[in-house]
Amino acid sequence: MSQKIGFIGLGIMGQPMAANIHTRGYELMVFNRTKDKAKELAGKGVLVAETPAELVEWADIIILMLTGPEAIDDVLYSENGILPANPSEKIIINMSTVSPSYTLNLKNCLAPNSITLIDAPVSGSKKPAIDGSLIILTGGPKQAIDDLEPLFLSMGRKVVYCGKTGQGSAMKMTVNLLLAVMMEGLCESLNLAQQLNLDKDLLLDSILAGPLGCGLFQLKSGMLKQNDFPVQFPLKHMAKDLRFVLQTADEAGAAVPAAHAVFQLFRQGVGLGNGDLDFAAVKKTLEALNDKQNM
Ligand code: NAP
């Protein structure tokens, strides 16, 4: 508890995660590229750094919750970034979703500075981030992860030890593959129902009442009924994650035919201008592909 925590990246997920760390009584300093997003936490007494370098000089443990590799590289290597501030002997926890091979590269880049890297991506979206009920998928030195468990449990309800560095990222690839395929499957079923002039609310209620009525479908049913997709997990991030899934599967020699198909649909969703909507808006992509002559 005496350790000072630095948190970089106050987006949809990072903001409530940082707030929960603060609520649990940790000393906390945050940094976000767009300064306005730190205002609410500053109002609660959280320290706000002007640069990643300032945060690194203060903190013992640095948490990253950023879009992906490009953002992490910017924060690490830019003029006022993490590495020029010489964070030797510190711990960096990357909670952003990246590929396992990116994580392993990062580990090698940080090793000469004696920095311990832990990959700890999360399963769960905006609401679990607010409620502090995320599932945290960790990879790295077991003892360090055990020591960090109280910090992880300030943001989540379960810490899963997946294995050595990179295995947390690998686990996240498998989870998001399933998430994408399930979401697309539900939307495809709804799209067919609409084309058959079935009541989509009736279909959703029937699915939710039976063995297919899982938490994900329950969570997204409101959006699908209203045809309104306020962002929880941005569609553009799912397209990004599926790119990593395909790369990872290719490196591992794993067959992922459904992942190839859904990647195309999420990418087209970004092309259609739906990238900042929730990823359930993949339904709009399917509607755009319908044969209009049959409508
Ligand atoms: P987000 O709302 O888009 O936030 C992204 C964060 O990254 C923002 O703080 C943004 O800063 C920062 N950023 C982006 N590019 C940057 C750059 N070049 N330099 C510095 N900072 C940069 O994303 P999110 O939904 O919180 O997701 C964060 C991570 O968690 C992603 O890897 C995502 O895949 C993963 N994830 C998300 C969810 C979800 O439901 N949303 C669930 C599980 C995992 P600005 O504010 O300045 O743009």
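Residues are numbered from 1 along each chain as its sequence is written, and side-chain values rest on heavy atoms, with hydrogens and water left out. Because the model is predicted, local features need pLDDT of at least 70 and side-chain atom pairs count only at pLDDT 80 or more, whereas totals for chains, interfaces and linings use all residues.

**The ligand and its shell**

The ligand is surrounded by 27 residues, of which the closest are N32, T34, K37, D74 and S125; a residue is near a molecule if one of its heavy atoms lies within 4 Å of it. By class, this shell has 10 nonpolar, 11 polar and six charged residues, where Ala, Val, Leu, Ile, Met, Phe, Trp, Tyr, Cys and Pro count as nonpolar, Asp, Glu, Lys and Arg as charged, and the others, Gly among them, as polar. At least three residues of the shell come from each of domain 1 (4-163) and domain 2 (170-294), with bounds from an automatic or database domain assignment. Helices α4 (69-77) and α12 (235-252) each supply at least two shell residues; helices (H or I, at least four residues) and strands (E, at least two) are DSSP runs, numbered from the N terminus.

| Residue | Atom in the residue | Distance to an oxygen atom of the ligand |
|---|---|---|
| R33 | polar side-chain atom | 2.9 Å |
| L66 | backbone N or O atom | 3.1 Å |
| S125 | side-chain N or O atom | 2.6 Å |

On its own the ligand has 910 Å² of accessible area, and the protein covers 90% of this, by the Shrake-Rupley method with a 1.4 Å probe.

L55, in helix α3 (residues 52-58), is buried at a relative accessible area of 0%; buried means under 20%, exposed over 50% and partly exposed in between (1.4 Å probe, protein chains only). Between L55 and T34 there are 15 Å from C-alpha to C-alpha, at a sequence separation of 21 residues. L10, in the loop between β1 (4-8) and α1 (14-23), is likewise buried, with 0% relative accessibility. L10 and K35 are 25 residues apart in sequence and 9.4 Å apart, C-alpha to C-alpha.

**Cysteines**

With a disulfide taken as a pair of cysteine sulfur atoms within 2.5 Å, the model has zero disulfides. C214 is partly exposed at 24% relative accessible area, while C162 is buried at 18%.

How values were computed: Polar contact = N/O pair within 3.5 Å; in protein donor to acceptor, adjacent residues only side chain to side chain.
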